[in-house]
Amino acid sequence: MRRSSPLLALLLVGLSLASARAEAPAPFPTSALSAEAQAIFDRFDHRVHAKILEKEHLGCTACHQVGGTGDPRLSAAKLDAAYLPPPEQACHYCHNPGAGERKIGPGRCALCHDHVEPPASHGADWVHRHGDEMLVGALQCETCHRPTFCIDCHNRKEPIFFQVHDRSWITVHGIAARTDPTTCGTCHLQSDCESCHATGAGRLP
Amino acid sequence: MILPLLLALTAHAQDVPVPTAKSSAESETMAQIRHDLFGATFVPFYQYIRFDSQSGNTQFVGYAGIGAVSGLDHPPNVDLYTLHAQRKAGRGEWVLGRQQASTLQRRQTFDGARYWWRPNGHVTLDAWGGVARHFDLDDFRDGTGIGRIAMNLRGGPMLVRAGAQVEAGKDTPFIAREDLQARATLGKGVDAPVLEGLISIAEPDFTVEWGRVEVRVPVGGRVDLGLHGQHREAANPNALFGDAILATLAGGGVNEAGVSVIAYGPQWARFSGTYRLVDYTGPTAGQGLGHEIDLAYMPGRTGKSYRITPSYSFRSGPNGAYHAFYVVADDRLDDGTRVQARAAVVPFQKGHDRWRVAVDGGLEGSRDLTPGTSLRASLDAATDGTFKVDLRLGAAITVRLP
């Protein structure tokens, strides 16, 4: 008996520790989250999102996609503190910078991200190079941009609101066209020149 | 037992799409009052419809526009219509309907199908085909059958793309074009030098060569310095560019060298500057070198509601030179109204004329009238040598249907 008591005590301690470990909320391995993602989750407030999520009929599992954790005993706070951080698609479904007016929540990247920057490819001369890059890897564009993003700039050319050319452009466009005509050819055809210059409509060069 | 299962499910959750369907439609009605080039009152009117729907892995996209005018000037150039469905399925993705295709020339439009397939991280197959439809920038004849298949191979620092494209139609002779593009990234990291070259061949007289070299080097802190050079040449420009402006003004080719710098600050703040030296050969008399400078500063998205964004552009070539100084200030008021003020001062010299100055400025505001309905209005004034003061008033109403 004397010899069995310490063993029994050790066994009991071990069982109790194992039981306690099994019942305690298992922390999500922080190494699986970047520091930025962890910071975003730390700032997330369910109360701010409750109304719009209800309006959009988005339940818990729309974000916490782990096979339908419908257990009401798992409160939102416990979900956050434990092991169910939503994938980034869940956030970007509503906060979608490329969705235009379709977005449900604000699309400003800096709303959540502290240090989001354009990708390294979007450097100082990106406007001139993006067409070539699109040919190499078109699928990468839609990581951030919607398909209609291209149309908004390349195909809509009504001059009511300033988009590409300011009002002085009609005066100086001939200089730019002779400096680097490849830039004009991105959007315009020769017929665009002829429609004014060849017909004598209004001002000639 | 439950912990490993949850962790495994969470890991797979990165690939699980949000399942809820969502769609919206948007109508944008725009009108303007201004003078036309003859000095008469001119009122153009535009109507756009945009449709976007996401259901599971399938996305439907529609975009259409019409226009009308009241006045003597040219009719508005609105030829905009696209409608397609896009779906990801396994390692593939397809697009069906009227869509824009990536070609070696400019973007084209066709009615048909496109399919991407990525069996692994090294190979991408891209195939599309259909009937060409005129869509603004279209080079193909309406109704011409077109198709293309291309394969990207990625391995280490190399990317190679090989493609073949065919065109055939009732009034179009059969044309086949083959192209080969190679890109080498010399080193690791986003700042590694990039070498790139492309050659495309088509019978009987179509050959285009294109080469580009680019080097980006961090020079301290959050400042990158870039150097690039580019050469494009087409044996028969008309075969490549059709009646594009480039075929007229730069029929032979373009050589370009440039240097750029970009400096990043916190919260998206950045300054960028580029200088390009352009030399082109073509049929237009009076050839010469072109110089281009672009400078821009974008302030960060700090806690302030307003931003002031200045920029500068310089162009100098055979037809003259100009300096363009721009500044845009925008603010968001407490009631949600967005206001923007902008101004441009542009000293310019055409040919050997004396230097003159074009000045323009404008105000623009937008606000939500009701949930889903917004109004946008602008007033611009400019002087450009023809009109001492030319006023333009524009307005747009956007209605969103959830």
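1. Helix 3 of chain A is hardly covered: the count of buried residues among its ten residues is zero. Helices here are DSSP runs of H or I with at least four residues, strands are runs of E with at least two, and both are numbered from the N terminus. A residue is termed buried if 20 or more other C-beta atoms lie within 10 Å of its own, exposed if 12 or fewer do, and partly exposed in between, with C-beta atoms placed from the backbone.

2. This is a predicted model, in which local features need pLDDT of at least 70 and side-chain atom pairs count only at pLDDT 80 or more, while totals for chains, interfaces and linings use all residues. Residues are numbered from 1 along each chain as its sequence is written, and chains are lettered from A and ligands numbered from 1 in the order in which they are written.

3. His57(A) lies in the loop between helix 3 (46-55) and helix 4 (60-63) of chain A. His57(A) has a positive phi of about 60°, although it is not a glycine. His57(A) counts as exposed because it has 8 C-beta neighbours inside 10 Å.

4. Helix 10 (residues 169-179) of chain A is mostly covered, with eight of its eleven residues buried. Among them are Ile170(A), Thr171(A), Arg178(A) and Thr179(A).

5. The largest nonpolar core has eleven residues in all, including Val172(A), Cys184(A), Tyr322(B) and Phe348(B). Such a core is a set of buried Ala, Val, Leu, Ile, Met, Phe, Trp, Tyr and Cys residues joined through C-beta atoms within 7 Å. Two or more residues of this core come from each of helix 10 of chain A, strand 18 (320-332) of chain B and strand 19 (338-350) of chain B. Helix 10 of chain A gives the most, with four residues.

6. Leaving aside residues up to four places away in sequence, Phe348(B) touches residues of both chains, including Thr171(A), Ile175(A), Gly320(B) and Arg356(B). Contact requires that the C-beta atoms of two residues, placed from the backbone, lie within 7 Å.

7. In chain B, strand 3 (residues 58-70) and strand 4 (residues 80-89) pair in the antiparallel sense over eight bridges. Two strands pair if DSSP finds at least two bridges between them. Tyr81(B), in strand 4, stands opposite Ala64(B).

8. Strand 4 of chain B also pairs with strand 5 (residues 92-101) of chain B, in the antiparallel sense over seven bridges. Here Leu83(B) has Arg98(B) of strand 5 as its bridge partner. The hairpin of these strands has two residues between them, and Gly90(B) takes a positive phi near 60° there.
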